[in-house]
Amino acid sequence: DMTSADDDGGNALGVLEDTSDDPTAEELTNWISDLTETQQAELVALMWLGRSDDGAESFEEYISEAQGQQGQRTAPYLLGTPRLGDHLEEGLEKLGISTAELE
């Protein structure tokens, strides 16, 4: 999984990375905070799935594990995760969801 700095052009989720001192971070924080607790748990689980070596069969287990950990900490946790965009993209791909059409 070697990606170069020039590789961001085709990464629809690249906007989720390197968000410190960026108004995008505030927008994402607000967006994540507006999600339901279930949606926040699913987003965390998606990131965990993407950074793991596990397959799609582990997604429900990750959701269960993420439930109860959301709230005010979810957005800072996700935005503080290195390579968040890559992990979300990899998680979606493991679930069979193409990220090629996301903008």
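The following legends describe close-up views of a predicted model.

**View 1. The chain as a whole is built from helices.** The chain contains 5 helices and 0 strands. Read from the N terminus, the order of elements is α-α-α-α-α. Of the 103 residues in the chain, 41% are buried. The chain exposes about 6,600 Å², and carbon and sulfur atoms supply 46% of this area. Among contacts between residues at least 6 apart in sequence, 64% join residues at least 24 apart.

**View 2. The largest nonpolar core has 22 residues.** In soluble globular proteins, nonpolar side chains tend to be buried together. In this core, the residues that touch the most other members are Leu43, Met47, Trp48, Phe59, Leu78, Leu84 and Leu88. At least two residues of the core come from each of α1 (23-34), α2 (37-51), α3 (59-66), α4 (74-79) and α5 (84-94). Helix α2 gives the largest share, 8 residues. Which residues does Met47 touch, not counting residues up to four places away in sequence? Met47 touches Tyr77, Leu78, Thr81, Leu84, His87 and Leu88.

**View 3. Helix α2 packs its buried residues against α1, α3, α4 and α5.** Helix α2 has 15 residues. From its first C-alpha to its last, α2 reaches 21 Å, close to the 21 Å expected at 1.5 Å a residue. The buried residues of α2 are Gln40, Ala41, Leu43, Val44, Ala45, Leu46, Met47, Trp48, Leu49 and Gly50. An α-helix has 3.6 residues a turn, so residues three or four places apart point the same way. Two of the buried residues of α2, Leu43 and Met47, are also among the core residues that touch the most other members.

**View 4. Trp48 and Tyr62 form an aromatic pair.** A search of the whole structure finds 1 aromatic pair. A pair of aromatic rings is described by the distance of the centres and the angle of the planes. For Trp48 and Tyr62, the centres are 6.2 Å apart and the angle between the planes is 70 degrees. This pair counts as edge-to-face because its angle of 70 degrees is over 60 degrees. The pair links distant parts of the chain, with Trp48 in helix α2 and Tyr62 in helix α3, 14 residues apart. Are these two residues buried or exposed? Trp48 is buried, with a relative accessible area of 10%, and Tyr62 is buried, with a relative accessible area of 12%.

**View 5. Arg83, Asp86 and Glu90 are joined by salt bridges into one network.** Side chains of opposite charge can pair when their charged atoms come close. A search of the whole structure finds 2 salt bridges. In one, Arg83 pairs with Asp86, and the closest N and O atoms are 3.2 Å apart. In another, the side chains of Arg83 and Glu90 meet at 3.3 Å, N to O. Asp86 has a relative accessible area of 10% and is therefore buried. Glu90 is also buried, at 19%, since the limit for a buried residue is under 20%. Arg83, at 32% relative accessibility, counts as partly exposed. The salt bridges share partners, and in this way Arg83, Asp86 and Glu90 form one network.

**View 6. Arg83 has a positive phi in the loop between α4 and α5.** Most residues other than glycine have a negative phi, and most peptide bonds are trans. What is the phi of Arg83, which is not a glycine? The phi of Arg83 is positive, at about 60 degrees. Arg83 is found in the loop between α4 and α5.

**View 7. The loop between α2 and α3 includes Ser52 and Ser58.** Ser52 is buried, with a relative accessible area of 16%. Not counting residues up to four places away in sequence, Ser52 touches Tyr62 and Lys94. Tyr62 is also the partner of Trp48 in the aromatic pair. Ser58 is buried as well, with a relative accessible area of 11%. The C-alpha atoms of Ser58 and Trp48 are separated by 9.7 Å, and these two residues are 10 residues apart along the chain.

Definitions and conventions
Residues are numbered from 1 along each chain as its sequence is written. This is a predicted model: local features need pLDDT of at least 70, side-chain atom pairs count only at pLDDT 80 or more; totals for chains, interfaces and linings use all residues. Side-chain values use heavy atoms; hydrogens and water are left out. Helices (H or I, at least four residues) and strands (E, at least two) are DSSP runs, numbered from the N terminus. Buried means under 20% relative accessible area, exposed over 50%, partly exposed in between (1.4 Å probe, protein chains only). Contact means heavy atoms within 4.5 Å. Accessible areas come from the Shrake-Rupley method with a 1.4 Å probe; for residues, only the protein chains shown count as cover. A nonpolar core is a set of buried Ala, Val, Leu, Ile, Met, Phe, Trp, Tyr and Cys residues joined through side-chain atoms within 4.5 Å. A salt bridge is a side-chain nitrogen of Lys or Arg within 4 Å of a carboxyl oxygen of Asp or Glu. Rings of Phe, Tyr and Trp (its six-membered ring) pair if their centres lie within 6.5 Å; planes under 30 degrees apart count as stacked, over 60 as edge-to-face and the rest as tilted. The expected span of a helix is 1.5 Å times one less than its number of residues.
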